[in-house]
Amino acid sequence: MSEAVKITVTLEPDIEDFVRDEVERGSFASPSDYVEDLIRRRRERGLARQKLDAALQRGIDDIEAGRYLPIDEAFEEVFSRLGLE
């Protein structure tokens with residue numbers, strides 16, 4: 001794990017109260033842990049979004065290149081592979 005870096009964040013009073021309440025309830029060990037968790041989750045969502053966008057683009061590219069099956073044929077193939085004919 002890399003060394004932690006200190007960054008100062010200024011919060012509006014109502015946001016600061018919320019963060020401190022979360023820490024007091026035991027949800028997080030410190031305000032820093034809370035902010036770090038938020039950033040980590042945001043980064044994970046961004047990476048998941050990038051993967052989804054790439055998968056959607058592959059699908060669009062396949063359709064544009066004519067690599068697709070009509071839905072009824074696709075279901076027939078799936079049912080056949082699963083032995084559900």
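Predicted model: local features only at pLDDT ≥ 70, side-chain atom pairs only at ≥ 80, totals over all residues.

Is Glu12 buried or exposed? Glu12 counts as exposed, because its relative accessibility is 57%, and exposed means over 50%.

**Surface patches**

- Glu12 belongs to a negative surface patch, together with Asp14, Asp17, Asp21 and Glu24.
- In the chain, Glu12 sits in the segment before helix H1, which covers residues 13-24.
- A nonpolar surface patch is made by Ile71, Phe75, Val78, Phe79, Leu82 and Leu84, and its area is about 610 Å².
- Val78, one of the residues in that nonpolar patch, is part of helix H3, residues 71-81.
- The relative accessible area of Val78 is 42%, so Val78 is partly exposed.

**Helix H2 and the residue after it**

- Helix H2 takes in residues 31-64, 34 residues in number, and at 1.5 Å a residue it should span 50 Å.
- Arg42 is a residue of helix H2, and it counts as exposed because its relative accessibility is 61%.
- Between Arg42 and Glu64 there are 22 residues of separation in sequence and 32 Å in space, taken from C-alpha to C-alpha.
- Gly66 follows H2 and has a positive phi, near 85°.

**Salt bridges**

- Asp37 and Arg41 join their side chains in a salt bridge, with an N to O distance of 2.8 Å.
- An α-helix has 3.6 residues a turn, so residues three or four places apart point the same way.
- With a relative accessibility of 17%, Asp37 counts as buried, whereas Arg41, at 48%, counts as partly exposed.
- Another salt bridge links Arg67 with Asp62, and their closest N and O atoms are 2.7 Å apart.
- Arg67 counts as exposed at 51% relative accessibility, while Asp62 is partly exposed with a relative accessible area of 30%.
- In helix H3, Arg81 and Glu77 lie 4 residues apart, about one turn of the helix, and their side chains meet in a salt bridge at 2.6 Å, N to O.
- Arg81 counts as exposed at 69% relative accessibility, and Glu77 counts as partly exposed at 34%.

Note on methods:
Residues numbered from 1 in each chain as written. Heavy atoms only, no water. Patch = residues over 30% accessible without salt bridge, like charges linked within 9 Å, V, L, I, M, F, W, Y side chains within 5 Å. Areas by Shrake-Rupley, 256 points an atom, 1.4 Å probe, with all protein chains shown as cover. Salt bridge = Lys/Arg side-chain N within 4 Å of Asp/Glu carboxyl O. Lys, Arg positive; Asp, Glu negative; His and termini not counted. Charge placed at Lys NZ, Arg CZ, Asp CG, Glu CD. Helix = DSSP H or I, 4+ residues; strand = E, 2+ residues; numbered from the N terminus. Buried < 20%, exposed > 50% of the residue type's maximum accessible area, 1.4 Å probe, protein only. Expected span 1.5 Å × (residues − 1).
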